[in-house]
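Subject: Structure handover

Hello,

Here is the structure I said I would pass on. Please open it alongside this note.

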Amino acid sequence: MPRPLIGISAAVEPASFGPWVGEPSVLLPLGYARAVQAAGGIAAMLPPDGAAAEAPDELVDRLDALILGGGADVDPASYGAEREPQTGRSNPDRDRFEIALARRAEERDLPLLGVCRGMQILNVAAGGSLEQHLPDRLGHEQHRPVPGSWSEHEVRLEPGSLAARAAGAERLSVKTHHHQGVGELGGGFEATGWTADDATTEAIEQPSRAFTLGVLWHPEEDPGDRVIPSLVRQADRVRRT
């Protein structure tokens with residue numbers, strides 16, 4: 001049978017290459033595609049699409065699973081909040097597109113994984129909110145080191161949860177780079193993972209769905225990751241039924 005098609009939402013950022021300098025570009029770290037391909041899937045990069053934001057079924061119909069990738073801060077207007085001083089630039093077009101995809105994918109029980117910003121999008125799409133700058137509460141920048149580097153720390157996962165089953169462990173070391181996190185949980189979501197030393201929410205999931213999971217870390221940066229392969233396997237099982 002054909003390999004499952006895994007859509008991966010992409011960022012729009014200025015980039016310089018060849019004759020282009022500061023050109024708005026569709027960007028996705030190669031680690032996502034490599035992880036999907038190594039697990040037996042086909043990776044499809046999804047840039048913001050205004051038509052799909054209005055009518056997501058046209059796109060969702062073609063996918064076997066969806067990954068919402070990392071990137072810029074979510075626009076606070078998406079969850080009815082005022083922008084705080086530490087909140088960075090946002091891309092409202094990307095936010096609208098990904099929120100629409102997240103809602104429709106969840107409604108249809110399409111295998112769905114949110115990574116870092118993508119976990120935040122899952123929560124916002126379900127009516128939840130975000131903490132706009134975790135260091136204000138935590139008093140440290142452990143989760144977001146200097147640009148161009150990763151923070152590494154341990155997370156603990158609820159025994160028996162989808163997060164623990166997908167990761168293949170109840171405690172693991174992860175790579176992160178973020179300064180925002182989940183605030184009030186969206187409807188139907190449960191927190192099932194936390195930073196080991198400061199209790200920041202690191203994983204959320206929908207118990208009523210077969211595979212709707214958000215993780216605040218970056219599994220695509222871990223060669224031994226089992227979360228993305230778990231998503232691809234679920235997509236393949238669903239496609240074969």
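Below is what I found, taken region by region.

One caution before the details. This is a predicted model.

**Helices α4 and α5**

Start with this pair. Helix α4 covers residues 92-107, and helix α5 covers residues 117-125. The two pack at an angle of about 70°. Their axes are 9 Å apart. An angle from 65 to 115 degrees counts as roughly perpendicular, so α4 is roughly perpendicular to α5. The crossing of the two is right-handed.

Which residues make the contact? From α4 come R94, D95, E98, I99, A102 and R103. From α5 come R117, I121, L122, V124 and A125. By class, this contact has six nonpolar and five charged residues. It has no polar ones.

Helix α5 is mostly covered. Nine of its nine residues are buried. They are R117, G118, M119, Q120, I121, L122, N123, V124 and A125.

**R117**

R117 lies in helix α5. Is R117 buried or exposed? Buried means under 20% relative accessible area. R117 has 2% relative accessibility, so it counts as buried.

The side chain of R117 joins that of D95 in a polar contact of 2.8 Å. D95 is also one of the α4 residues in the helix contact.

Look next at some backbone angles. C116 is found in the loop between β6 and α5. C116 is not a glycine, yet its phi is positive, about 55°. At 6% relative accessibility, C116 is buried. Just after α5 comes G127, with a positive phi of about 95°.

D109 sits in the loop between α4 and β6, and β6 is residues 112-115. The phi of D109 is near 60°, again positive in a residue other than glycine. What is the exposure of D109? Its relative accessible area is 29%, so D109 is partly exposed.

**Helix α1**

Helix α1 spans residues 30-38. Its buried residues are G31, Y32, A33, A35 and V36. What covers them? The cover includes strands β1 (5-9), β4 (42-46), β5 (65-68) and β6, along with helix α8. Just after α1, G40 takes a positive phi of about 100°.

**S230 in α8**

Helix α8 is part of the cover over α1. It runs over residues 227-240, and S230 is in it. S230 is buried, at 6% relative accessibility.

The side chain of S230 has two backbone oxygens to note. The backbone oxygen of R226 lies 2.7 Å from a polar atom of that side chain. The backbone oxygen of A166 lies 3.0 Å from a polar atom of the S230 side chain. Leaving aside neighbours within four places in sequence, S230 is in contact with R165, A166 and F211.

**H153 in β8**

Strand β8 is residues 151-157, and H153 is in it. At 7% relative accessibility, H153 is buried. Which side chain makes a polar contact with that of H153? The partner is T176, at 3.4 Å.

D197 is 44 residues from H153 in sequence. Their C-alpha atoms are separated by 8.7 Å.

**P207**

Last stop. Where is P207? P207 is in the loop between β12 (201-205) and β13 (212-215). Its relative accessibility is 48%, so P207 counts as partly exposed.

P207 touches G188 and E190, not counting residues up to four places away in sequence. L162 is 45 residues from P207 along the chain. The C-alpha atoms of P207 and L162 are 8.1 Å apart.

**Where to look first**

Finish with P207, which is partly exposed.

Best wishes

Conventions:
Residues numbered from 1 in each chain as written. Predicted model: local features only at pLDDT ≥ 70, side-chain atom pairs only at ≥ 80, totals over all residues. Heavy atoms only, no water. Helix = DSSP H or I, 4+ residues; strand = E, 2+ residues; numbered from the N terminus. Buried < 20%, exposed > 50% of the residue type's maximum accessible area, 1.4 Å probe, protein only. Contact = heavy atoms within 4.5 Å. Axes fitted to C-alpha atoms, helices over the stretch in contact; angles between N-to-C directions. Parallel < 35°, antiparallel > 145°, perpendicular 65-115°, else oblique. Left-handed = near helix turned anticlockwise from the far one by under 90°. Nonpolar A, V, L, I, M, F, W, Y, C, P; charged D, E, K, R; others polar. Polar contact = N/O pair within 3.5 Å; in protein donor to acceptor, adjacent residues only side chain to side chain.
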